[in-house]
Amino acid sequence: MRRRASTAPSSTTRPPRLPNAVARTAAQFQLYSAGVLGIGEDEAVHAGHDRVVQTLAPWNSGMRTLNFMAGVAHTDPEDVRQAFTSEAYERLVAVKTAHDPGNMFRFNHNIPPAAEGGRG
């Protein structure tokens, strides 16, 4: 039996009841790839993940889902930026600049404060 994809709005496509920084997307699917690493298999597993991402690149929305960005991979500020709309990211930079200008809370999904006279 084949299931047909729903066209009903989902929690990632509906506007939020209260403004927030959660990214919204019209994408029909999200991809999360995981692998089990054996001793010395890191490069092979990472290469396999890269092949999956490259194969699906034509359907990439350019957005990332923050919850799927785990560990040390894809947590630099440029990758994290892709998890938010430009407007949401700029709001988060403003909050970070006001409340953590020294970037003390910088681990995991870092959003740097704005540089003097510039953007985060």
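Tutor: A salt bridge is counted when a side-chain nitrogen of Lys or Arg lies within 4 Å of a carboxyl oxygen of Asp or Glu. Side chains of opposite charge can pair when their charged atoms come close. The structure is a predicted model, in which local features need pLDDT of at least 70 and side-chain atom pairs count only at pLDDT 80 or more, while totals for chains, interfaces and linings use all residues. Residues are numbered from 1 along each chain as its sequence is written, and side-chain values use heavy atoms, with hydrogens and water left out.

Student: How many salt bridges does the structure hold?

Tutor: The structure holds four salt bridges. In one of these, the side chains of Asp 79 and Arg 64 meet at 3.5 Å, N to O. This pair links distant parts of the chain, since Asp 79 sits in helix α2 (residues 77-81) and Arg 64 in the loop between α1 and α2, 15 residues apart. Helices here are DSSP runs of H or I with at least four residues, strands are runs of E with at least two, and both are numbered from the N terminus.

Student: Is Asp 79 buried or exposed, and how does Arg 64 count?

Tutor: Relative accessible area decides the class: buried is under 20%, exposed is over 50%, and partly exposed lies in between (1.4 Å probe, protein chains only). Asp 79 has a value of 13% and is therefore buried. Arg 64 has a value of 26%, so Arg 64 is partly exposed.

Student: Which residues are linked in a network of salt bridges?

Tutor: The network links Glu 78, Arg 81 and Glu 90. Within it, Glu 90 forms a salt bridge with Arg 81, with the closest N and O atoms 3.8 Å apart. Glu 90 counts as partly exposed because its relative accessibility is 31%, whereas Arg 81, at 19%, counts as buried. A further salt bridge joins the side chains of Lys 96 and Asp 100 at 3.7 Å, N to O; both Lys 96 and Asp 100 are buried.

Student: What does the secondary structure of the protein chain come to?

Tutor: The protein chain has three helices and zero strands, and along the sequence the pattern reads α-α-α. Of its 120 residues, 18% are buried. A contact means heavy atoms within 4.5 Å. Among contacts between residues at least 6 apart in sequence, 34% join residues at least 24 apart.

Student: Which residues make up the largest nonpolar core?

Tutor: A nonpolar core is a set of buried Ala, Val, Leu, Ile, Met, Phe, Trp, Tyr and Cys residues joined through side-chain atoms within 4.5 Å. The largest one has nine residues in all: Ala 21, Met 69, Val 80, Ala 83, Phe 84, Ala 88, Tyr 89, Val 93 and Ile 111. Helix α3 gives the most to this core, with three residues.

Student: How many aromatic pairs are there?

Tutor: Rings of Phe, Tyr and Trp (its six-membered ring) pair if their centres lie within 6.5 Å; planes under 30 degrees apart are stacked, over 60 edge-to-face, and the rest tilted. The count comes to one aromatic pair. The ring centres of Phe 84 and Tyr 89 are 6.4 Å apart and their planes lie at 45°, so the pair is tilted. Both Phe 84 and Tyr 89 are buried.

Student: Which residues form a nonpolar patch on the surface?

Tutor: Patches take residues with over 30% relative accessible area and no salt bridge, joining like charges within 9 Å and nonpolar side chains (Val, Leu, Ile, Met, Phe, Trp, Tyr) within 5 Å. Accessible areas come from the Shrake-Rupley method with a 1.4 Å probe; for residues, only the protein chains shown count as cover. The patch consists of Phe 29, Leu 31, Val 52, Val 53 and Trp 59, with about 500 Å² of accessible area together. Val 53 belongs to helix α1. The protein chain has an accessible surface of about 9600 Å², of which 58% belongs to carbon and sulfur atoms.

Student: Where is Gln 82 placed, and which residues does Gln 82 touch?

Tutor: Gln 82 is in the loop between α2 and α3. Not counting residues up to four places away in sequence, Gln 82 touches Gly 62, Met 63 and Arg 64. From Gln 82 to Leu 66 the C-alpha separation is 8.6 Å, although the two are 16 residues apart in sequence.

Student: What is the phi of Asn 103?

Tutor: Asn 103 has a positive phi of about 55°, although Asn 103 is not a glycine. Asn 103 lies in the segment after α3 (86-99) and counts as buried because its relative accessibility is 13%.
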